[in-house]
Structures are given as structure tokens and as C-alpha cells.
2 protein chains.
Amino acid sequence: MKTRELGIGLLGFGTVGAGVVEGLQRNGALMAERLGVKLVLHKIADLDLDRDRGVPVERALLTRDAEAVVRDPSVDVIVELIGGCGIAKKLMLQALALGKPVVTANKALLAEHGAEIFQAAATKNTSLHFEASVGGGIPIIKALREGLVANNIRSMYGILNGTCNYILTRMEQEKLAFDVVLKAAQAAGYAEAEPSLDIDGHDTAHKAIILASLAYGFPVPQNAAYVEGIRGLAMDDIANALAMGYRIKLLGIVKHSTEGISVRVQPTLVPLAHMLASVSGVFNAIQVDGDIVGQTLYYGRGAGRAATASAVLGDLADVARDVAAGVRPKPAIQADTAQSTRLRPIGEITTRCYLRLALLDKPGMLARIAQVLGDHGISIASVMQKESSAGKHVPVIIVTHQAPEQQFQHALKLIDQLDFVGAPTVRLRIEDFE
Amino acid sequence: MKTRELGIGLLGFGTVGAGVVEGLQRNGALMAERLGVKLVLHKIADLDLDRDRGVPVERALLTRDAEAVVRDPSVDVIVELIGGCGIAKKLMLQALALGKPVVTANKALLAEHGAEIFQAAATKNTSLHFEASVGGGIPIIKALREGLVANNIRSMYGILNGTCNYILTRMEQEKLAFDVVLKAAQAAGYAEAEPSLDIDGHDTAHKAIILASLAYGFPVPQNAAYVEGIRGLAMDDIANALAMGYRIKLLGIVKHSTEGISVRVQPTLVPLAHMLASVSGVFNAIQVDGDIVGQTLYYGRGAGRAATASAVLGDLADVARDVAAGVRPKPAIQADTAQSTRLRPIGEITTRCYLRLALLDKPGMLARIAQVLGDHGISIASVMQKESSAGKHVPVIIVTHQAPEQQFQHALKLIDQLDFVGAPTVRLRIEDFE
């Protein structure tokens, strides 16, 4: 059998783009044997043609004209690694309009303009592949879309941002403050100079939105997600959580119930015995609960040149199989009208909480706090009052039973106005993974 | 678009077979929406037509004549859930000879007769799907064959047998002896009355063989695997390992190096901080290291009616996509001639070891032990001598540096003949996952 070829046009020759080129050079022959299709890089578009990416490429492959790459008839598939929602979106829509499959790692674009892009792919009956957009090298999209296709997805819990997990791991292990670790992470290249996308939870939200859209078969709008990040998280809370048997992780949480679907991003107390508590440093992991398979979990490097390239190359292999077989590609999102499509507002969501209050050390105060909580239907599971130190205020840790978010918000508003409360109460959610 | 149908013939209506029927009844409509193909159960063959499986089926679907099900022209795909290497093999070969795709959970058959069966599928250009044969509901076969297709697989470490992991977890958590937990597991239905397949490591070996065959593209013969189980593992060793920061797990280990491929099954000391150490009870997990993606890990229920059914249904979905598209199915095993195909004998394999010796409490003995080890190129990393108790012999724990298996075997043969050694030395391998 003559080996067929798949012509690749690469848009964006940055970190991941260079990783894809390197991966093809390293294992392209192996992939051709496994697939019966040879992946051939025809063109690379980038504005910077001169920078050394640490991988040798023929000068003739490089161009500044990305649109010409999209149109090039020798290019069968477009790999979009430019990122962002500007030119990347325009080029992606052009490729899809030409019926060319697109492979992308662009989570922001999919989360913010997914509906439009998936529609463009469907209109031209072509395919959109985005394994690299969530969880780096972890084949989570494939697991969800194919391996677990027989399942209603009940919930997903993901450590989806390597920068945040790296910061949380170092804060705990080295007992360093948030700002100190963030600066170190920026110096080491693990965090951006403008870190908000990561540490304020937006990147995690993009990924949770993509997972939810995939699991429930419709484009979940970005504003359906409630988002909190880890900015300014206190070392005290990490230590208190640990003393109680929990580790704080930034989780993207997607849940499906008869009342609808919820998507949220929150720093969360995870029981130490849970697998997600063992995920440290820049690694990612996603727990997926299916109604037939039960609990499953997927773990690996959530970012980085090589790991993300592995996911892009896996997507290219899927395109190669489809093209070789002359098949209509798989739909970008699973049709799934059987699912409830109601998106639940955060106020409805019920969790247990960890509260750290700063109280004046006088009798009767805890009773008044308990009263306010009780008035809002929030009952207390445990209280830990620390020894009074030099300061005026004593930290009191309260762990609650389940109550709706709304009730917590109302109760804490009242509590923080009490005259013996010395600072805004810190509140973190606890997940028991029931 | 008219929804197409895929006619299913189910061979074997036992635990997993009933789970597949139940899964189709529960989520068949959802799967049809997702796939554009309706999965229709046409026939179920079993010798016992009367037993209640806890799932309603039309009597007309049931038959004792499995061969007729294979031949039935309305049956597009055969699901083989009989198990074993007898009638199951015959029926599978008949189905493949008719060009019908086969979905199976039969790890023993694939491990022992894989070459013949994969050849039969290749001859008729049809496909063999076996996600359910390894790791229950975990989509590890798909991850390996598709998601990580761009990678040379450097190593795989799997907790692949739920029964063994359940026994090890209970022994540690409840400080119970092996025999006690085995009996409890048998009473609870977690272990077979004849437990050898599980506890002596053969089931784990079957699965490791399948993973190795898949990763390296040729049928690895079963006798290439070195197999030790957990039978008679002592509580003392579990406790000693824990005190040193390790948890004992039965691992299937596949490694690839320039010297070849090794496959072995051994109770192994796993560092507590490693994800595999957190896998408890009947759960399975497989760590896969790829040369591009780095370390990844997959976790879930390794057995049971529903979880295994999820994997079978995932395979049926793949068949449905292929059939709907009219495509030649994916090859059963990846061609992969680029890999070294030398199988390394166990003697070559280098590990660190945990040794528990029973020594008479007299001066100079440890020096003599160290001398024998040193003569065989085995150097000592640490020694822990326990307080002498009532008995004549003192347990001495030695942790070694890396040395070849062969050297350990020779050294221990000599050591166990020394007059001050009171019992055969216990040896367990340590994995550092470097």
C-alpha cells in the first residue's frame, strides 16, 4: 500500500509550534507506520521568521502570510497555535470555510466564541480538534468524547492550570507567601508577567467551559461560569486546611443534576486521601464521573512545549485517519438534546465551607456568629479557635455543613459588619466528592 | 439524516454481559444521538437461559446457539464476553473469518493467543476491540493507541488487578494477615474461590502483555513476562515499607530501553508521594511515560459489571462510527517496526531491592551479609535492625542500590545458606520511577 500524505499548515511558530515541528522530526516516521499516513509539514506562518526556536527548519517553509497558508492547496489541515481571539479566529474561520479540518490549542477562542466556530465547522461538514486546549498532553478530550461516550457525565473536577498548581504546591511545601512564589514563578517562566489569566482563574474557566460544552453537547456560554482565583490566598489557610486533612487546589468544577448544569472555578479544600490532592507542581488532572463507568481520573503535564505538542500530534493523527479513509469527520460537539440545558446560577450551588474569622477575644462572640449562620440555615460542623496571639483579633476557623452559596453570601455580609469582627471573613469551599 | 443501525450479537450473558445490556437500555438513546448510529441488540447467546441477571430482556433475544449468532446476517458486530481460551476463541475466529468486527474483554485469550487472533482480524481486514480487557472502564487502550500515538512509550506501570489491590489495601489499613483478607474477599465476592489467577499475578501479566503488545506493535509472547504475585505477603513487610515511606502495590511493569523491552509483574515498593501509591481498594491505574508527552496516568474502576460495560460500549461506538462511515477499521495492533523487538530476560533487569533477613543476634553477621552483597556488586543504601524480640532471629531490613536481578538471585542463594540466617530472605523490588 502506498503511504498517503497529510499536508500540514502551521500557524504560529511559538513554544508549542516549535514542539510540534520537533515532535514530527523525532517521531514522524513512527507515526507514519502506525497510521499508514505520512504527516508532512508544508508551511509555517509566523510574524517572526528569524528567532531561533531550537529546532531546525528549512527557511523555505517559513512565511509571514498566514492567509496564503490557509489557502495553499497542498495544505490539507490547519494547526492554529497563534492563540487569542483576534487573527487566530479569522484564520480559523477561513480554514473551516474552505472545508479544511483545524487542530487548535486555543482555549480562550473556543470558550469565548465556541458557538460560532463549531457552527462554522458543522456548516462545511469539517472537523475541529482541540485536545491540546485542555490538560496539555492528557488525552482528556478523546476520553470524554469517545472512551466514555456511553456515559452521562455526572461531574468533572479538574486541576487545569499548571501555574496555579505550581504556586499552591510551593506555598505549602516551602511555607512561602503567595506574592513571593508568584514572583519566583514569573522569574522561572512558569507564570506570565501579566498573571491574571492564570491566577484569577480565567484560564481554568476557559477549560471548564470546553469540558462542559463537550460533555453536554451545546456551547456553554462563558458567563455561565462562576470564577474565583487564588490571588492573595493566605499561607494560614493552606496550613489550617492541611491540619484538618485537606489540601487547597484551584478546581474547575462541572456538575450535572436534575436542576441543571453548573460550572465554577474556586480554590477548594480537597481531602488529602483524594487522588487530586496528590497532583503537585505543574501537573494537571481531571476526575470524570460517568453514570456507567463511575469515577475515572486522567493526569499529566498540563502545559509546556512537548506535552502540548503530543496532543496536537494526536489530533493530527485523527485527521490523518479520517482523511486516509475518506470519511466525514466526527462532529465537533456531540449532539445531546437528552441533557438538561439549564445553567444553574452560583447562588443555588450547595457546598460545605471553611470560614476563617478574625474575632475580638471576648465571651459570647462565637455564639453570635453561630446565630447568624443558623438564621441562614448554615449549621456548623466544627470550630477551631487558635490561641490568642499578640494581635487584637483571634483567628477562628469554622467548618460548616452543606448550605447554598446565596445563604453564605448573605450571612457573611452580616457577620462582617459586626463590631467584634476585625477583618473580612475568608471563605473557601470544601469538596467531599460524594 | 436517517439514523443507521448497528446490529449486536452478544456472546456470554454473565456479569459484564448483563452490564452491557443494562447500559444500552439506560443510555442507548443518548449514544444514538452522539453517534448518529443506533446500537441494536439482536441476539444474546448463553448456556443458561433462565437465570435472572437483574435486567429485563425479551425472551426471543436469548439463544443457546452461539454459532448461529455469529452467522446471523443481522448481526454486524460480535461482543465476546464468554471468557477463557476455549469456545470463546473458536467463536471469535469464526466471527473474524466472516469479516465481522469483534469487541472483547478477554485478556487471557489476547495474552495467550494474541498473535493468531490479530492475524485473523488482519487477514479479513476487520477489527478487534479490547478496551475492556485492561483496566475495566479506564479508556487506556484508546489513550495508548490514539491519544499518545505520537509517542514512543518509554514505560508503563500499572495497578491492573482490583482483587490484589483490595487485599493490599485492607492488609495495610486494618493490619490483617494475607490469608484473613483473602478469605474475607472471597466471602464478599471480590476474589474467586480459586484465587490463583489474581493473587499469583497471572491476570496482571495478561494485561501487561496486552499493553506491551499495543505499545510496541508486535504480539509479545506470554512467556516473556516474569511474574510474581502477592500470595503470602507478610504484614511486617507492608509495615516496614510504610515506615520507610513506601506502599506495596502489585505492579505490571513494561519498560523499553536500547537493550530491549521488559515485562514483569511484581509486588513493588512505591514511594508514598507517587500517584500510584494513592490508588486504593478495587481501583486500577496505569502510568504511561511517552517520549514527547512525559508522564501521564489513567485511573478508574478496574473491574465490575458497569465499569467494564462502559468500555465495551465505548468500543461498540468506535465500530458504529467505522461502520456508519464505511471505513476500513483501524488495525488491531499498530505496526511499529522502528521499535526494538528484543525481549529482555528478567536476569538483566536492574532494580533497587528491599531485603528482610532473619539473623541470629551475634556480632559480625551484618558485615558478612554486606560482604556477600558487595561480592555481587550490590551496595547497601540503608539498614534497619529491629530490637531483638523473644524469638531467636532478629529481622534486619536492608535497602540496596540498583543491581541486576541475576546478582540478587546469586547473592541471596549464598546468604540463605549461611548458618546464622534463620529463614529464607524476603526480597521486594523498589521503584523510584526515574
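Analyst: Let's start with the contacts of Asn27(B): once its neighbours within four places in sequence are left aside, Asn27(B) touches Ala150(A), Asn151(A), Asn152(A) and Ile292(A). Please keep in mind that this is a predicted model. Asn27(B) belongs to helix α1 of chain B, which covers residues 15-35. Is Asn27(B) buried or exposed? With 23 other C-beta atoms within 10 Å, Asn27(B) is buried, because 20 or more such atoms are enough for that label. For a sense of distance, take Leu269(B): Asn27(B) and Leu269(B) lie 242 residues apart in sequence, and their C-alpha atoms are 41 Å apart in space.

Now to the interface as a whole. On the chain B side, 48 residues are in contact with 48 residues of chain A. At least two residues of that side of chain B come from each of α1, α5 (140-147), β12 (294-301) and α11 (305-325). The helix α11(B) gives the largest share of the side that touches chain A, namely nine residues.

Domain 1 of chain A takes in 4-137 + 305-325, domain 2 spans 149-301, and domain 3 runs over 346-430. Between the centres of domain 1 and domain 3 of chain A, taken over C-alpha atoms, there are 50 Å.

Next, have a look at the strands of chain A. Strand β9(A), residues 246-257, has 10 of its 12 residues buried, so this strand is largely enclosed by the rest of the structure. On one hand, strand β7(A), residues 153-159, is joined to β9(A) by four bridges, and the two run antiparallel. Within this pairing, Ser155(A) stands opposite Lys255(A) of β9(A). On the other hand, β9(A) pairs with strand β10(A), residues 260-271, through 12 bridges, and these two also run antiparallel. Here Lys249(A) has Thr268(A) of β10(A) as its bridge partner. A hairpin is formed by β9(A) and β10(A), with two residues between them.

Helices of chain A deserve a moment as well. Helix α12(A), residues 365-375, packs with helix α13(A), residues 405-415, at an angle of about 150°, and their axes are 9 Å apart. How are α12(A) and α13(A) oriented, roughly parallel or roughly antiparallel? They are roughly antiparallel to each other, because angles over 145 degrees count as such. The crossing in which α12(A) passes α13(A) is right-handed. To that contact α12(A) brings Ile369(A), Val372(A) and Leu373(A), while α13(A) brings Ala411(A), Leu414(A) and Ile415(A).

Finally, back in chain B, two residues are worth a glance for their backbone. Asn125(B) is not a glycine, yet its phi is positive, at about 55°. Asn125(B) sits in the loop between α4 (107-123) and β6 (128-129) of chain B. With 10 other C-beta atoms within 10 Å, Asn125(B) is exposed. Lys175(B) is not a glycine either, and its phi is positive too, at about 50°. You will find Lys175(B) in the loop between α6 (162-174) and α7 (178-187) of chain B. Lys175(B) is exposed, with 10 other C-beta atoms within 10 Å; the exposed label applies here because it covers residues with 12 or fewer such atoms.

How values were computed
Residues are numbered from 1 along each chain as its sequence is written. Chains are lettered from A and ligands numbered from 1 in the order in which they are written. This is a predicted model: local features need pLDDT of at least 70, side-chain atom pairs count only at pLDDT 80 or more; totals for chains, interfaces and linings use all residues. Two strands pair if DSSP finds at least two bridges between them. Domain bounds come from an automatic or database domain assignment. Axes are lines fitted to C-alpha atoms, for helices over the stretch in contact, and angles run from 0 to 180 degrees between N-to-C directions. Angles under 35 degrees count as roughly parallel, over 145 as roughly antiparallel, 65 to 115 as roughly perpendicular and the rest as oblique. A crossing is left-handed if the near helix is turned anticlockwise from the far one by less than a right angle, and right-handed if clockwise. Two residues are in contact if their C-beta atoms, placed from the backbone, lie within 7 Å.
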